[in-house]
Amino acid sequence: MKTNLRFLLPAAAAVLAGWLPAAFAVPEENTLHFDVDFARFRMNDNVAQVEVYIAVARNHLQFVADGEELLASFESRVTIALGDSEVIDYRWVEHTVAADSSEIKPSQVLCTQASFQLPANTYNITVRVTDPRSRHSGTRSFRLTVEPYATGRLALSDLEIASRIVRDTTNSRFYKNNHTIIPNPSRTYGAGMAMLYTYAEIYNLTFPSDSSYSVLYRVLDDQGREIKALPVRQRRVNGRQLVEVGGFNVMALSAGAYVLEVQVTDHASQQRAAGRQKFYVYREDARPQAQVSAQAAGYDYLLNLYRDLPEIDLDEEFKTMRYLTAGEDVKIFSALDAPGKRAFIAKFWQSRDQSPETPQNEFREDYLKRVRFANESFSGLRKGWQTDMGRVLLVYGQPDEVERFPSSSENRPYQIWHYFEIQGGVVFIFVDVSNWGEYRLVHSTARGELSDDDWQRWINPSR
């Protein structure tokens, strides 16, 4: 089976050798290193869907010319044995394409996975990954036990530790219950991957029921002591089996090994179930100390700015950052308490600081200055930053030239914004379509923006 690899993700860092679970130890003779993990989900009382996750560093593969592009591949093979009898032998090939060698970076990780339905028993699993061009390969072996699922008792699946989760219905290897879930088999996070996401399934909730259930996330250190607890989430029970998706920013944690614990409580039956999974936080100690100190100073400077800011103001500032954030950031931010929101926003701005050698964050100051200008200049039925003009201002900055055309007996008022340094020169055309003072974007020559060759009709509807 051959497929085109769809997901190319940044790696937080290579897992430190001492942190690898013993079952996944890499024999020294293996020359192609990869990470592997698994999770078990209920199919019925006696059968689990076992997912095996694999991740390979992209620059460890051998690329060869394929027309005008570079092509690399890796073959994954999973064999599952019950005692001395092999019950599954499954292999598949993934491909990755690069325009040139500059696109191949050590920080990139290629992910894939396979799913198997296994009855309750104990299995020996071997995972082998091979680069067919260099003929380098690596092997991991481990034992996996599938336990029967109890009926009538609240239960949890394994926690899948992920690098990305989005709501999606696209059919792919990574699709599950209306989500695309990109695994992180190394379970390692850090500056290159600050957000840890989790997926789990809850079984045997009391349903139908007028009651609710709650979910608590806790981070424990390697001694079992609580380091962090997220706010308890309480939800209505909409079915006997439900999906639980969560996540949080790890950047407040120091380097080391941690345990993520998820506790679910069914309020109708008063039953409780919990699951745990280990993860790791990596810090890049090789950076020059002066750079580390400067970045730490910048982060502390921002934290101090937000120290006494009320949560309602934190929420409002985060809303104005919508043009810079990913969709999943909204879900994570909304689940944080006030201290967590302060740390999230501070880290967000600190990661975009264009002059980390100074405590001030010029990027943040410029962006919020544009928010204030948009609110002062474009507000009406909506806040200025929410309008089309506000969005363009926040995304592209101040225009180099603005042409303003007032209303006339024939034309609605409109403006043309010129940006001479973007994409070789682009324009944005805004029209006060409703005559309420809010100008709508009707046409732009910028890539990815609204384009309408007949945009003049918005200015003069009767032409």
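Select R91 to begin: R91 is partly exposed, with a relative accessible area of 39%. Here buried means under 20% relative accessible area, exposed means over 50%, and partly exposed is in between (1.4 Å probe, protein chains only). This is a predicted model, in which local features need pLDDT of at least 70 and side-chain atom pairs count only at pLDDT 80 or more, while totals for chains, interfaces and linings use all residues. Residues are numbered from 1 along each chain as its sequence is written, and side-chain values use heavy atoms, with hydrogens and water left out.

**Stop 1: salt bridges**

The side chains of E75 and R91 form a salt bridge, 4.0 Å from N to O. (A salt bridge is a side-chain nitrogen of Lys or Arg within 4 Å of a carboxyl oxygen of Asp or Glu.) This pair links distant parts of the chain, with E75 in strand β6 (residues 69–82) and R91 in strand β7 (residues 85–98), 16 residues apart. Helices (H or I, at least four residues) and strands (E, at least two) are DSSP runs, numbered from the N terminus. E75 is partly exposed, at 23% relative accessibility.

How many salt bridges does the structure hold? There are 23.

Next, pick D221 and R225. Their closest N and O atoms are 2.7 Å apart, in another salt bridge. D221 is buried, at 11% relative accessible area, whereas R225 is exposed, at 51%.

Move on to E261 and R276, whose side chains meet in a salt bridge of 2.8 Å, N to O. E261 sits in strand β21 (residues 256–266) and R276 in strand β22 (residues 271–281), so this pair ties together parts that are 15 residues apart in sequence. Is E261 buried or exposed? E261 is buried, with a relative accessible area of 5%, while R276 counts as exposed at 52%. Select R218 and E226 as well: salt bridges that share partners join R218, E226, E261 and R276 into one network.

**Stop 2: aromatic pairs**

Colour the rings next. The structure holds 21 aromatic pairs. Rings of Phe, Tyr and Trp (its six-membered ring) pair if their centres lie within 6.5 Å; planes under 30 degrees apart count as stacked, over 60 as edge-to-face and the rest as tilted.

F38 belongs to strand β3 (residues 34–44) and F142 to strand β10 (residues 137–146), so the pair ties together parts that are 104 residues apart in sequence. F38 is buried at 17%, and F142 is buried at 5%.

Then select F248 and F279. Their ring centres are 6.0 Å apart and their planes are at 70°, so the pair is edge-to-face. F248 lies in strand β20 (residues 242–249) and F279 in strand β22, 31 residues apart. F248 is buried at 2%, and F279 is buried at 0%.

**Stop 3: two helices**

Finally, show helix α2 (residues 311–320) and helix α4 (residues 338–350), whose axes come within 10 Å and cross at roughly 35°. Axes are lines fitted to C-alpha atoms, for helices over the stretch in contact, and angles run from 0 to 180 degrees between N-to-C directions.
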